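Thanks for coming, everyone. Let me walk you through one structure, stop by stop.

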Amino acid sequence: MQPSVEMGIVSTGMAFGERRDVAATAADYVPYPEDVAALGYESYHRIADGVTATALAVEAAREALENADLAVTDVDLIVVGNSDVPEYLGWDGSAAVARALGAHGTPTVLVTQACAAWSLALDHAAGAMALSTDTNTVLVVLVNVVSEAHSNRMDFNGSIASDGAVAAVLHRGHPRFRRLASARFTNPEFADLFRIERGGAAAPLPLPGREHLRSDPMAAVFEHFGRDPQRFKGFIEEIHGRVADVVDQALARAGKDREDLARLVYVNEGQQAIRAVADAVGIPFERTNAELARELGHMGAADQLICLWRHVEAGELARGDLVALAGVASPGMHWFCTLIEV
């Protein structure tokens with residue numbers, strides 16, 4: 001069992017873009033809407049034009065602070081995770097969030113490791129508390145806003161990307177929603193998969209006459225495996241199998257096993273992907289976040305904490321229940337799991 005700081009979630013806050021119907025809008029994004037329908041989503045969220053990821057993050061943060069009956073001056077550390085393209089290059093979104101909240105002098109940290117950012121944010125909060133007795137209250141904010149100039153929210157990695165944010169107030173010694181342990185695994189062979197080819201320092205501008213959008217990113221993944229169906233199948237199997245591995249590792253660190261799990265909260269992917277992960281972990285499909293994924297869409301690093309709180313609000317989790325928050329992040333690729341005791 002790994003030593004850890006006793007840290008629990010005091011409150012959360014959430015903010016979403018406008019809810020949109022998948023069936024009614026899929027044709028705006030893809031030439032074959034029936035392929036999107038097969039993923040099993042009913043709706044997703046899209047922010048209004050002109051609304052920024054920072055604004056959405058701040059809205060969620062303010063709600064979390066209000067629900068905890070705290071002011072931003074009561075916070076010792078702010079950790080922000082952004083899982084999509086940032087608003088600007090050479091810019092720190094965590095400082096921008098802190099400024100909008102009215103913080104001054106409070107340390108901030110920006111986590112950008114795609115859909116794994118939330119797990120790293122919680123780990124950083126625990127680590128900060130372990131390193132300094134002066135760090136007792138941490139505000140964690142996760143946001144995902146799709147840059148439609150860079151990627152197609154309905155044709156990227158087998159999910160429908162959605163705009164949302166969640167914030168959590170964490171406090172040392174809080175007895176509810178305690179972080180027990182975490183585990184991560186990285187396979188660097190896949191570092192280049194799903195990357196956005198244009199806009200960075202290596203290739204800052206789109207090709208003449210072209211936009212940033214790449215027409216078929218999964219075709220590029222298939223090319224990576226030499227167009228070999230068996231190698232591609234092995235890649236998909238590794239995605240699901242590695243999730244089970246990090247869940248088991250986190251459980252071992254907490255002195256628990258799979259039979260102790262009340263629920264698995266995975267990335268808000270399509271229904272088939274969530275079912276495959278549930279089978280790999282050995283938990284019934286009904287005890288996953290599959291139904292929430294249908295409604296919410298994939299909100300990047302915000303998925304797990306949003307779904308955790310939705311399950312609590314629906315009465316689907318009771319005090320003392322053990323929940324595995326798990327997922328896979330691309331590009332990277334990274335597998336991750338954090339255990340929360342309700």
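One term before we start. A residue is called buried when its relative accessible area is under 20%, exposed when it is over 50%, and partly exposed in between. And a reminder: this is a predicted model.

Take F177. Is F177 buried or exposed? The relative accessibility of F177 is 7%, so F177 counts as buried. You will find F177 in the loop between β7 (164-172) and β8 (178-186). Now look at the backbone there. F177 is not a glycine, yet its phi is positive, about 50 degrees. Why point that out? Most residues other than glycine have a negative phi.

Next, R227. Here too phi is positive in a residue other than glycine, near 55 degrees. R227 sits in the loop between α6 (217-224) and α7 (229-253).

The peptide bond joining S330 and P331 is cis, with omega about 0 degrees. M333 is found in the loop between β10 and β11 as well. Which bond is cis there? The one that joins G332 and M333, where omega is about -10 degrees. For background, most peptide bonds are trans.

Now a helix. Please find α10, residues 303-313. Of its 11 residues, 8 are buried, so α10 is largely enclosed by the rest of the structure. Which ones are they? D303, Q304, L305, I306, C307, L308, W309 and H311. After α10 comes G315, with a positive phi near 75 degrees.

C307 has a relative accessible area of 0%, so it is buried. C115 is buried too, at 10%. How many disulfides are there? The count is 0.

Now look across to N82. N82 and A117 are 35 residues apart along the chain. Their C-alpha atoms are separated by 7.1 Å.

Last stop: the surface. Where is charge gathered? There is a patch of negative charge made up of E59, E63, E66, D69 and D74. Take E59 as one of its members. E59 lies in helix α3, residues 53-67. With a relative accessibility of 45%, E59 counts as partly exposed.

To recap, briefly. Helix α10 is largely enclosed, so start there if you want to see buried residues. The disulfide count is 0. Two cis bonds to look up again are S330 to P331 and G332 to M333. And the negative patch on the surface includes E59. Over to you for questions.

Notes
Residues numbered from 1 in each chain as written. Predicted model: local features only at pLDDT ≥ 70, side-chain atom pairs only at ≥ 80, totals over all residues. Heavy atoms only, no water. Patch = residues over 30% accessible without salt bridge, like charges linked within 9 Å, V, L, I, M, F, W, Y side chains within 5 Å. Areas by Shrake-Rupley, 256 points an atom, 1.4 Å probe, with all protein chains shown as cover. Salt bridge = Lys/Arg side-chain N within 4 Å of Asp/Glu carboxyl O. Lys, Arg positive; Asp, Glu negative; His and termini not counted. Charge placed at Lys NZ, Arg CZ, Asp CG, Glu CD. Helix = DSSP H or I, 4+ residues; strand = E, 2+ residues; numbered from the N terminus. Buried < 20%, exposed > 50% of the residue type's maximum accessible area, 1.4 Å probe, protein only. Disulfide = S-S within 2.5 Å.
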